[in-house]
Amino acid sequence: MMDEFFPIGVTYRASLPKDERTSDLDEIADAGFNCIRIYAGMRKPDDLDQVLALASERDLKLLVTLDYQYTAVGSAEPCMESTLFDQGMEEFFHHRVEQFVKNPAVAAWVVPIPNPSDVDFEEVALRAIRAVDPDRPIIIESQEAPGKATGPVGISCRISDLPPIGSAVPWQKERYIGYMLRRAASASNGTGAIAMSLQAGPSSEWVDFSPEDVGISIWTALANGARGLIFDRWDPGEVPTRDGSIKTIDGKCWHGLKRIMADIRRIFELPGLMRGRPVQAAAAVLAPSSILIPPPIGRIEGAYRLLADNFVSVAFLDDSSLYEDLNRYSVVYIPYLPSCSEQLGAALIRYVQDGGCLIAEAPVATTDEEGKPYSEAPGVGLSELFGCKVRNEFTEKSTPVATTGIAQGVFTYVGANLRFYVDGPAQTVDVQAGRSSITEFLDEKTLIPSGPAVIIGKYGEGKTCYIAASLSSAYYGMEHPYPRELISGVLDWFECPRQVEVTGLTKGFENEFEVGVIEEIDHSNRRAIICINHADRSVNPTLVLKTGPASVVRELITDTNVQTSIDADRLHIPTHVPERDVRVYYEIE
């Protein structure tokens with residue numbers, strides 16, 4: 001986002017008592033934060049002016065939030081700019097930027113978007129800001145991953161607000177941060193995403209943030225390419241149970257602040273880690289914007305997790321540029337495509353013909369983009385692409401399936417009789433010659449096979465996998481290991497490159513061990529591998545990746561060199577990651 005500035009800050013409210021501001025900003029600067037986020041338009045000018053002056057004296061940069069929606073609704077005190085709202089939104093943004101534009105401490109503008117699909121709101125705000133300040137970054141803040149953005153995206157990562165997954169244990173919500181950041185970064189026009197509203201400190205009775213929880217959230221954000229870290233709030237105000245404030249209601253700093261700032265200081269010890277970028281994604285989840293019914297969130301995130309839990313770097317696509325974008329990825333996963341245009345269908349066929357690998361879950365192309373049913377499903381030529389035709393849908397419920405192992409000698413990556421559930425609607429499909437069923441539906445009472453569930457085959461230079469139900473939403477709801485193993489086998493058959501191979505990991509811990517590879521450290525070809533153990537027991541896997549320009553590896557957290565080995569062109573890095581902890585391995589000269 002900002003090449004020379006990586007914001008690590010906290011939201012600070014100008015409404016706090018004046019006699020507290022000097023000590024507050026001293027504590028913020030002494031803790032190691034390099035910026036504060038303030039809200040413009042909520043209070044009187046002298047409140048903001050004093051905070052701006054105190055911040056500048058302490059070399060704290062400012063992220064100025066132009067919160068039009070909040071101010072328009074009103075606050076506990078009269079807004080000094082109440083007459084501006086009659087003049088319109090563009091005038092509001094124009095006026096606010098003029099107020100602060102000459103302050104050298106302002107590092108960026110933040111524009112909260114009430115609705116991620118409200119393109120007009122974003123365009124008006126950008127036009128008004130750029131008329132006054134053509135240079136500073138504008139962070140578009142969204143409460144959910146946006147469909148498309150024209151600049152850097154700030155994504156809300158409040159753990160207590162994130163939707164539960166399965167049993168909703170902490171690591172599942174932590175990994176949701178990575179999903180949100182990846183989606184936001186994919187929509188940011190290449191400018192990256194900032195993790196905002198990170199929570200820390202004392203909280204409500206039902207949410208407890210330990211230093212370990214917060215530290216893991218920080219490293220999870222970095223492993224997934226975050227271009228900044230902004231904590232939710234410094235002071236709880238008058239609400240003692242306010243989630244995630246760093247100071248307590250009695251004015252004391254949270255006891256875990258030193259621990260998490262120690263993590264942040266380690267980040268600053270390797271500046272290239274902040275300027276680096278995640279390894280190029282090998283796979284993409286395609287969520288077309290043109291379909292009539294938006295895909296359920298469980299399918300999108302479930303598809304992401306099926307890939308990410310197999311240590312494949314993942315990006316997100318819509319269908320705005322079609323083939324040009326598809327062709328950048330070895331694998332494309334479509335978790336939901338009930339309606340499909342001829343243009344999109346042709347792009348998918350061409351992608352596979354030219355060597356791409358495609359996974360799709362039912363329903364696929366049952367209607368055109370206007371809802372008119374096709375004569376067969378999948379339509380627009382996709383039945384030939386996937387080698388199967390839908391006869392009927394037979395249930396909306398979860399359905400048991402079992403893998404069949406070796407299928408006609410072409411697929412040997414999944415063992416036989418792995419049983420698990422998939423979500424409906426499930427389909428009865430007829431498989432064409434030359435294609436193979438590697439998983440079958442089971443009769444729920446007798447467990448007798450009742451028809452193909454996962455069909456694979458070759459088409460042109462590429463390969464396909466058709467899933468006649470929803471594997472992604474089933475995995476999202478209950479992260480059973482067998483769906484992940486099934487997709488692992490498909491990825492191996494696809495010859496999909498992994499960002500790193502992980503060996504020696506205790507079986508069943510794959511979805512609790514996260515790896516992020518950051519490239520081009522210090523503008524070189526060196527890499528940093530961030531290993532995050534979300535589980536409550538230590539693990540000792542070995543990382544295997546292609547040999548880089550340096551074979552000496554140092555672990556950042558413990559500050560020790562690691563004894564590596566090289567086999568052919570593969571670098572082997574033994575690791576030890578304690579429970580609920582992080583290790584960072586980076587290449588040195």
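Colleague: Over which ring does the charged end of Arg 183 sit?

Modeller: In this predicted model, the charged end of Arg 183 sits over the ring of Phe 316, at 5.6 Å from the centre of that ring. A charge is said to sit over a ring if NZ of Lys or CZ of Arg is within 6 Å of the ring centre and within 35 degrees of the ring normal. The charged end of Lys 463 is also placed over a ring, that of Trp 493, with 4.6 Å to the centre.

Colleague: Which residues do ring pairs link into a cluster with Phe 316?

Modeller: The cluster is made of Tyr 176, Tyr 179, Tyr 304 and Phe 316, linked by ring pairs. Within it, Tyr 179 and Tyr 304 form a tilted aromatic pair, with 5.6 Å from centre to centre and 55° between the planes. That pair connects distant parts of the chain, since Tyr 179 belongs to helix α6 (residues 170-186) and Tyr 304 to helix α10 (residues 297-308), 125 residues apart.

Colleague: Are Tyr 179 and Tyr 304 buried or exposed?

Modeller: Both Tyr 179 and Tyr 304 are buried.

Colleague: How many aromatic pairs does a search of the whole structure find?

Modeller: The search finds nine aromatic pairs. For Phe 33 and Phe 231 the ring centres are 5.9 Å apart and the planes stand at 75°, so this pair is read as edge-to-face. It too links distant parts of the chain, with Phe 33 in the loop between α1 (18-31) and β2 (35-40), and Phe 231 in strand β8 (residues 226-231), 198 residues apart.

Colleague: Why does Phe 33 count as buried?

Modeller: Buried means under 20% relative accessible area. Phe 33 has 4% relative accessibility and therefore counts as buried, and Phe 231, with a relative accessible area of 0%, is buried as well.

Colleague: In which order do the eight strands close into a barrel?

Modeller: The eight strands follow the order β1-β2-β3-β4-β5-β6-β7-β8, and their pairing is parallel. On average, neighbouring strands of this sheet are turned by 30° against each other, direction ignored. Where β8 meets strand β1 (residues 8-11), the two run parallel and are joined by three bridges. Phe 231, in β8, is the bridge partner of Val 10.

Colleague: Which strands does helix α7 touch?

Modeller: Helix α7 (residues 211-223) packs on the sheet and touches β7 (193-198) and β8, and its direction makes about 155° with that of β8. Helix α4 (residues 89-100) lies across β2, β3 (61-66) and β4 (106-112), running at about 160° to β3.

Colleague: How many of the residues of α7 are buried?

Modeller: Twelve of the 13 residues of α7 are buried, so the helix is largely enclosed by the rest of the structure; among them are Ile 216, Trp 219 and Leu 222. From its first C-alpha to its last, α7 reaches 18 Å, close to the 18 Å expected at 1.5 Å a residue. After α7 comes Gly 225, whose phi is positive, near 85°.

Colleague: In which strand is Ser 339 found, and which residues does Ser 339 touch?

Modeller: Ser 339 is found in strand β13 (residues 337-339). Leaving aside residues up to four places away in sequence, Ser 339 touches Ile 291, Leu 292, Thr 367, Asp 368 and Glu 369. With a relative accessible area of 4%, Ser 339 is buried.

Note on methods
Residues are numbered from 1 along each chain as its sequence is written. This is a predicted model: local features need pLDDT of at least 70, side-chain atom pairs count only at pLDDT 80 or more; totals for chains, interfaces and linings use all residues. Side-chain values use heavy atoms; hydrogens and water are left out. Rings of Phe, Tyr and Trp (its six-membered ring) pair if their centres lie within 6.5 Å; planes under 30 degrees apart count as stacked, over 60 as edge-to-face and the rest as tilted. Helices (H or I, at least four residues) and strands (E, at least two) are DSSP runs, numbered from the N terminus. Buried means under 20% relative accessible area, exposed over 50%, partly exposed in between (1.4 Å probe, protein chains only). Contact means heavy atoms within 4.5 Å. Two strands pair if DSSP finds at least two bridges between them. Axes are lines fitted to C-alpha atoms, for helices over the stretch in contact, and angles run from 0 to 180 degrees between N-to-C directions. The expected span of a helix is 1.5 Å times one less than its number of residues.
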